[in-house]
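Biologist: I am new to this structure and would like to learn how to read it. Could you walk me through it, feature by feature?

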Amino acid sequence: MTEFPITDNDGLMQSICETDEVLRLLADASRRRVVVSLANCESNWIHREQLAQRLAVANEDETVGSWERDLHHVHLPLLEDTGVVEYDRREGTIRYYHCDVLSDVLDAVGSE
């Protein structure tokens, strides 16, 4: 199986993900939006509530509260298991790590 590095802002490898993990993560449209939003942050740190606000703004039918719940219980744990984020559940802080293959797949599927 092909492995891809997950790196911090300094280019230091934090972990490795495999093709199947990347495809599993990006199979869900909401999670694709989460990854795109994290990748577009000015910093590699963001608070869960701020991320939820960014995601809810894009669609009137979604609330900040529902995004916070889904982030906390679904999306962030999956991203953390793969090594794409470091998530402090108590503080609600998220640190995003870069993975070239995630970006490449998102570009290929035209995710926003």
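Modeller: Gladly! Keep in mind that this is a predicted model.

Biologist: How many bridges join E4 to E5, and in which direction do the strands run?

Modeller: The general idea is that strands of a sheet pair through backbone hydrogen bonds, either parallel or antiparallel. Here, E4 and strand E5 (residues 93-96) are joined by 4 bridges and run antiparallel. Val 85 stands opposite Tyr 96 in E5. The two strands form a hairpin with 4 residues between them, and in the turn Gly 92 has a positive phi of about 80°.

Biologist: Which residues of E4 are on its covered face, and which are on the uncovered one?

Modeller: In a regular strand the side chains alternate between the two faces of the sheet. In strand E4 (residues 85-88), Val 85 and Tyr 87 make up the covered face, while Glu 86 and Asp 88 are on the uncovered one.

Biologist: What is the order of the strands in the sheet?

Modeller: The open sheet has 3 strands in the order E3-E5-E4, with antiparallel pairing. Its edge strands are E4 and strand E3 (45-47), each of which pairs on one side only. On average, neighbouring strands are turned by 20° against each other, direction ignored.

Biologist: And which helices lie against these strands?

Modeller: Helix H2 lies across E3, E4 and E5, and runs at about 80° to E5. H3 also packs on the sheet, where it touches E3, E4 and E5; the direction of H3 makes about 80° with that of E3.

Biologist: At what angle do H2 and H3 pack, and how far apart are their axes?

Modeller: Two packed helices are described by the angle between their axes and the distance between the axes. For H2 and H3 the angle is about 115°, and the axes are 10 Å apart. Their crossing is right-handed. From H2, the contact is made by Arg 33, Val 34, Ser 37 and Leu 38; from H3, by Leu 51, Arg 54 and Leu 55. These residues divide into 4 nonpolar, 1 polar and 2 charged.

Biologist: Why does Val 35 count as buried?

Modeller: Val 35 counts as buried because its relative accessibility is 1%, and the cut-off for buried is under 20%. Val 35 lies in helix H2. Beyond neighbours within four places in sequence, Val 35 is in contact with Leu 26, Leu 79, Tyr 96, Leu 102 and Leu 106.

Biologist: What about Asn 44: is this residue buried or exposed?

Modeller: Asn 44 is buried, with a relative accessible area of 11%. Its place is in the loop between H2 and E3. With neighbours within four places in sequence left aside, Asn 44 is in contact with Asn 9, Ile 94, Arg 95 and Tyr 96.

Technical notes:
Residues are numbered from 1 along each chain as its sequence is written. This is a predicted model: local features need pLDDT of at least 70, side-chain atom pairs count only at pLDDT 80 or more; totals for chains, interfaces and linings use all residues. Side-chain values use heavy atoms; hydrogens and water are left out. Buried means under 20% relative accessible area, exposed over 50%, partly exposed in between (1.4 Å probe, protein chains only). Two strands pair if DSSP finds at least two bridges between them. Axes are lines fitted to C-alpha atoms, for helices over the stretch in contact, and angles run from 0 to 180 degrees between N-to-C directions. Contact means heavy atoms within 4.5 Å. A crossing is left-handed if the near helix is turned anticlockwise from the far one by less than a right angle, and right-handed if clockwise. Ala, Val, Leu, Ile, Met, Phe, Trp, Tyr, Cys and Pro count as nonpolar, Asp, Glu, Lys and Arg as charged, and the others, Gly among them, as polar.
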